[in-house]
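This briefing is intended for a reader who is meeting the structure for the first time. It begins with the arrangement of the domains and then turns to individual helices and residues.

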Amino acid sequence: MPIKFTVDEPVARLAERVREFVREVVLPEEQACDGVLHDGPEPLRRRLQQAARDAGVFAPHLGLDLRGQAVVFEAAGYSLLGPLALNIAAPDEGNMHLLAKVAGEDQRKRYLDPLAAGEIRSCFAMTEPAPGAGSDPRALTTTATRVTGGWRIDGRKWFISGADGAAFAICMARTSGVPGDAGGATMFLVDAGNPGMKIVRNIATLDEGLFGGHSEVLFDGCEVGDDAVLGEVDRGFGYAQVRLGPARLTHCMRWLGVARRAQDVALDRAASRSAFGRPLDELGMVQQLIADSEIDIEAARALLWRACWELDQGRPGAQHTSIAKTFVAEAVHRVVDRAVQICGALGISADAPLSRLYREVRPFRIYDGPSETHRWAIARRASKARAALR
Ligand SMILES: Cc1cc2nc3c(=O)[nH]c(=O)nc-3n(C[C@H](O)[C@H](O)[C@H](O)COP(=O)(O)OP(=O)(O)OC[C@H]3O[C@@H](n4cnc5c(N)ncnc54)[C@H](O)[C@@H]3O)c2cc1C
């Protein structure tokens, strides 16, 4: 079946409304706070989300397939605050998807409904300090042991985005086996305020644009009931893939919006600034930077859509998702870097948005699977596919 590279008219119109909302409402707010959200400014979040409701663009992802999300999320990603305003930012958007697929009816009412309405926030707690889970989730050391009427969770997590102020965490813990085993993980819904779950610190990081920042979280004798199990016991690694496949792509969509923004800033600067008697955009080497970024953006979008198509057809799409994630993360970084170069000293100053964007895009080459981990998986799948033909 040929890949469809268009979206239906209502989705195209929705994307246009999101572009307009970001331009008119969100960008001015971003300038006021410089896109810094690590301290979790709740009044700003509420104001932006109310404005999105009023504009009819709040939570637009519900009911869209991934290609539809691609155009809408890219439009929202043009501002660092756009996804927050529309309630399609990480980690909540990925958690909504996971809960919609896996949660029982009571869990949906308690967690998914208020999350989708923007009344609460959430976090996803999988990564651990060494020697625990990171690129290799099987290294999971956090344990959940059976107690009367439920489970007791013990372990340490870090880089948990949005944990500070989240109403609940989805915590991955080992219910059977030992670190290194491919199975034996379970997901638990842990309410904020549980005396066994403590935020140890908020980690100072290069990026500052994710609401609530990234926390180190300690689970110390954290007791939860049986109703806290998300899905089935010991199936956590499988559910992580349910979350991560689409979540990788939605991250690509949002960051593609950032790439477009950086390129637009560079184009405006190159048209208005002259050197050696000519506007910068008439100088060959600047034109090359501009052209390379256009190529990167188009190629990134095409690979992203290719992966979306696979998932929209109900196929796992692991290879296409890995290829898209690796390319988009690196292409977005290149585009922002070239934009900084074209803008000269202005590019690295806080007078232009580029230095903020530069800091925000760098971690994307690490989370949702580092580039090297994806390349390793891509090569292994390619070798296996070839071997099957021999
Ligand atoms: C900004 C940010 C937000 C995050 N948010 C969350 C969150 O909300 N929840 C959560 O659970 N985690 C989160 N993380 C953690 C993220 O998922 C991990 O950083 C990621 O999985 C990598 O794990 P690690 O940092 O332990 O790196 P390690 O596993 O220590 O890997 C280090 C490096 O080893 C190399 N490497 C790894 N595998 C291979 C391979 N197969 N072949 C060759 N080289 C390889 C890569 O260069 C990699 O960067 C976040 C991270 C960042 C930076």
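In this predicted model, the C-alpha centres of domain 1 and domain 3 are separated by 19 Å. The two domains touch through 21 residues of domain 1 and 25 residues of domain 3. The protein chain as a whole is divided into domain 1 (9-99), domain 2 (122-234) and domain 3 (237-389).

**The side of domain 1 that touches domain 3**

- Helix H3 (66-76), helix H4 (82-86) and helix H5 (92-102) are the elements that each give two or more residues to this side of domain 1.
- Helix H3 supplies the largest share of this side, namely eight residues.
- Sorted by class, this side of domain 1 holds 10 nonpolar, six polar and five charged residues.

**Helix H3 against helix H8**

- The axes of H3 and helix H8 (residues 284-312) approach within 8 Å and cross at roughly 145°.
- On the H3 side, the contact is made by Leu66, Arg67 and Ala70.
- On the H8 side, the contact is made by Leu304, Trp305, Cys308, Trp309, Leu311 and Asp312.
- In the contact of H3 with H8, seven residues are nonpolar, none is polar and two are charged.

**The annotated N-terminal region**

- An unreviewed UniProt entry lists residues 14-119 as "domain: Acyl-CoA dehydrogenase/oxidase N-terminal".
- Over residues 14-119, the chain is 68% helix and 0% strand.

**Helix H12**

- Helix H12 covers residues 371-389, which is 19 residues.
- At 1.5 Å a residue, H12 should span 27 Å, and this agrees with the 27 Å between its end C-alpha atoms.
- Of the 19 residues of H12, the number buried is one, so this helix lies largely in the open.

- Ala318 is placed in helix H9 (residues 318-343).
- Ala318 counts as partly exposed because it has 16 C-beta neighbours inside 10 Å, a count between the limits of 12 or fewer for exposed and 20 or more for buried.
- From C-alpha to C-alpha, Ala318 and Ala377 are 9.3 Å apart in space, although 59 residues apart in sequence.

Terms used: Residues are numbered from 1 along each chain as its sequence is written. This is a predicted model: local features need pLDDT of at least 70, side-chain atom pairs count only at pLDDT 80 or more; totals for chains, interfaces and linings use all residues. UniProt positions are given in the numbering used here, feature names are shortened, and annotations may be inferred rather than shown by experiment. Helices (H or I, at least four residues) and strands (E, at least two) are DSSP runs, numbered from the N terminus. Domain bounds come from an automatic or database domain assignment. Two residues are in contact if their C-beta atoms, placed from the backbone, lie within 7 Å. Ala, Val, Leu, Ile, Met, Phe, Trp, Tyr, Cys and Pro count as nonpolar, Asp, Glu, Lys and Arg as charged, and the others, Gly among them, as polar. The expected span of a helix is 1.5 Å times one less than its number of residues. Axes are lines fitted to C-alpha atoms, for helices over the stretch in contact, and angles run from 0 to 180 degrees between N-to-C directions.
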